[in-house]
Amino acid sequence: MPDAAVAKPPLKVLLATPRGFCAGVDRAIQIVERAIEKYGAPVYVRHEIVHNRHVVDRLKAMGAVFVEELEECPPDRPVVFSAHGVPKSVPAEAKARKMLYLDATCPLVSKVHVEAQRHFDAGREIVLIGHAGHPEVVGTMGQLPDGAVALIETVEDARVFAPRDPANVAFVTQTTLSVDDTADIVAALRERFPGISAPHKEDICYATTNRQDAVKAIGGQADVVLVIGSANSSNSVRLVEVAKRAGVRGAYLIDDASKLDLAWLDGAASVGVTAGASAPELLVQGVIEAISAKFAVEVTEVEAARETVSFKLPRVLAG
């Protein structure tokens, strides 16, 4: 009998770099872990700390209890706010209830909150480019009074937006959007409002941009792209869109190796593999192992950028 490995068809695996955890996600997870270490279980977390089922399940096993609203939390236990950010009303309620709370909002999301406040203080009408209902959008809009921020999701929305004063408009964006789609929306806004105030620095975060660039780098070489991440993860969904736009035969979002259909790879010479910013590297390796069961795999890392960013933990948990 010939060796089974010899009979396997060859397949190149192009591993996108960077992929997986970003600095904001890493910090948020550490905040929950350190809080459990310091205060004991249970520690409550308002909303999923990051949008990944595996991360949430692991933290649940350690003693985290995930809730959607503060009213579900007892006042005598710590509560952590998710990496996506929260409306101002949430910490205000926690203070009123004399709760110990820890804010795991990504610093790059907090930057958008500061920008929105600055525009509001300057009397500008604010446009937020983002996806309705996403917790980051809810949190950003909740920094300011009702009606102060108009949400724009598409180029068409930008074309019909009617501000009170077209000469006094500003925009901010969700941090996890498609770079290309957002550029189209911004272009439509600039065309209509040439004097529109823009962010000092790009709102779409470095990690989102880098992961999309990495998918573009493998997209031209791969027949199929697999994106590891949860369906409610905005940045993971965007990676699938970017891969499809790059012209691959098929692009699929999967939670983990158990969701991989190896038939997707039939006839493929190469497959690109990446992971959203909230997906652990362990899941990437699991998918490569699953592919190796059927194919003779040759793994090549395709580096689009190097990331050196890190964010400090809250002082109460540092050290």
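**Helix α2 and the overall fold**

Tutor: The buried residues of α2 are Ala-23, Gly-24, Val-25, Arg-27, Ala-28, Ile-29, Ile-31, Val-32, Ala-35 and Ile-36, where buried means under 20% relative accessible area, exposed means over 50% and partly exposed lies in between, with a 1.4 Å probe and protein chains only. Please keep in mind that this is a predicted model, in which local features need pLDDT of at least 70 and side-chain atom pairs count only at pLDDT 80 or more, while totals for chains, interfaces and linings use all residues. Residues are numbered from 1 along each chain as its sequence is written, and side-chain values use heavy atoms, with hydrogens and water left out.

Student: What span should α2 have, and what are its ends doing?

Tutor: Helix α2 covers residues 23–39, and at 1.5 Å a residue its 17 residues should span 24 Å, which agrees with the 24 Å between its end C-alpha atoms; the expected span is 1.5 Å times one less than the number of residues. Just after α2, Gly-40 takes a positive phi of about 80°.

Student: How many helices and strands are there in the chain?

Tutor: The protein chain has 11 helices and 12 strands, which are DSSP runs numbered from the N terminus, with H or I over at least four residues for helices and E over at least two for strands.

Student: And what is the radius of gyration?

Tutor: The protein chain has 21 Å, which agrees with the value near 20 Å that a compact globule of 319 residues would have; the radius is taken over C-alpha atoms, and the globule rule is 2.2 Å times the number of residues to the power 0.38. Along the principal axes, the C-alpha atoms fill a box of roughly 75 × 55 × 30 Å, and 51% of the 319 residues are buried.

Student: Switching to strands, which ones pair with β1?

Tutor: Strand β1 (residues 10–17) runs parallel to strand β12 (residues 296–303), with 8 bridges joining them, and Thr-17 has Glu-303 as its bridge partner in β12. Strand β1 also pairs in the parallel sense with strand β11 (residues 270–275) over 4 bridges, where Lys-12 stands opposite Ser-270. Two strands pair if DSSP finds at least two bridges between them.

Student: Why call β1 largely enclosed?

Tutor: Because 6 of the 8 residues of β1 are buried, the strand is largely enclosed by the rest of the structure.

Student: How many residues of β8 are buried?

Tutor: In β8, 5 of the 5 residues are buried, so this strand too is largely enclosed by the rest of the structure. Both of its faces are covered, with Val-169, Phe-171 and Thr-173 buried on one side and Ala-170 and Val-172 buried on the other. Strands β6 and β8 run parallel and are joined by 5 bridges, and Val-127 stands opposite Phe-171 in β8.

Student: Are Cys-106 and Cys-205 buried or exposed?

Tutor: Cys-106 counts as buried at 12% relative accessibility, and Cys-205 is buried with a relative accessible area of 10%.
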